[in-house]
Amino acid sequence: MRRGTALPGPSPHPDQPWALAHMTGLKPGDLLLIGEACSVQFADDRALRLRLVSIDPRPTYQGWVWLTGYVLNDKGLAVDKREVFVQQAGVRILRAAPALTPAPRTRARRSAPAPAPAPGKSPTPDRSASVSAPTPGKSTRSAADRLAFKETGVSK
């Protein structure tokens, strides 16, 4: 096969990267083990766990594929984004992505309209009103409160 020629069979359209995912059996979200079976560059301690993000839809050599994903450390945290060229047959799926199922359609309930504000009142608090801090040594009670305290002997 000449370099640059199309692979046999129908090739996915570039606007439909999901079509290649169905052909390869891989899908975004899969946790993959990329090791020596994929390519010699991942032999020994250079194997990596890759959380698949996308599969390049462009044609490559027969049985090889470009994968893009995040390399995960021992704790499962992404440490690097990589694009790797691997043999599809050597890729091991450690954990498949959960299948997405559409949520059941339900009718939205109508809620009661919010009550209208009282005439002359703003629906939101007035933020322009000044707030004064109490002065040390001065009473924060109003004159009416002080008078009520003197008359009844009870603090409000």
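Which residue in S2 is the bridge partner of Leu-33? The bridge partner of Leu-33 in S2 is Arg-49, where strands (E, at least two residues) are DSSP runs numbered from the N terminus.

This is a predicted model, in which local features need pLDDT of at least 70 and side-chain atom pairs count only at pLDDT 80 or more, while totals for chains, interfaces and linings use all residues. Residues are numbered from 1 along each chain as its sequence is written, and side-chain values use heavy atoms, with hydrogens and water left out.

The sheet is open and is formed by five strands in the order S4-S3-S2-S1-S5, with antiparallel pairing; two strands count as paired if DSSP finds at least two bridges between them. Strand S4 (78-87) and strand S5 (92-95) each have a single partner strand and stand at the edges, so one side of each is left without a neighbour in the sheet. From one strand to the next, the twist averages 45 degrees, an angle taken between the N-to-C directions of lines fitted to C-alpha atoms, on a scale from 0 to 180 degrees.

Two of the pairings are set out here.

| Strands | Sense | Bridges |
|---|---|---|
| S1 (residues 31-34) and S2 (residues 48-55) | antiparallel | four bridges |
| S3 (residues 64-72) and S4 | antiparallel | nine bridges |

Trp-64 has Gln-87 in S4 as its bridge partner. S3 and S4 form a hairpin with five residues between them, and Gly-76 in the turn has a positive phi of about 90 degrees.

Ser-39 lies in the loop between S1 and S2. Ser-39 counts as buried because its relative accessibility is 12%, and buried means under 20% relative accessible area (1.4 Å probe, protein chains only). Leaving aside residues up to four places away in sequence, Ser-39 touches Trp-64 and Phe-85, contact meaning heavy atoms within 4.5 Å.

Technical notes. Buried < 20%, exposed > 50% of the residue type's maximum accessible area, 1.4 Å probe, protein only.
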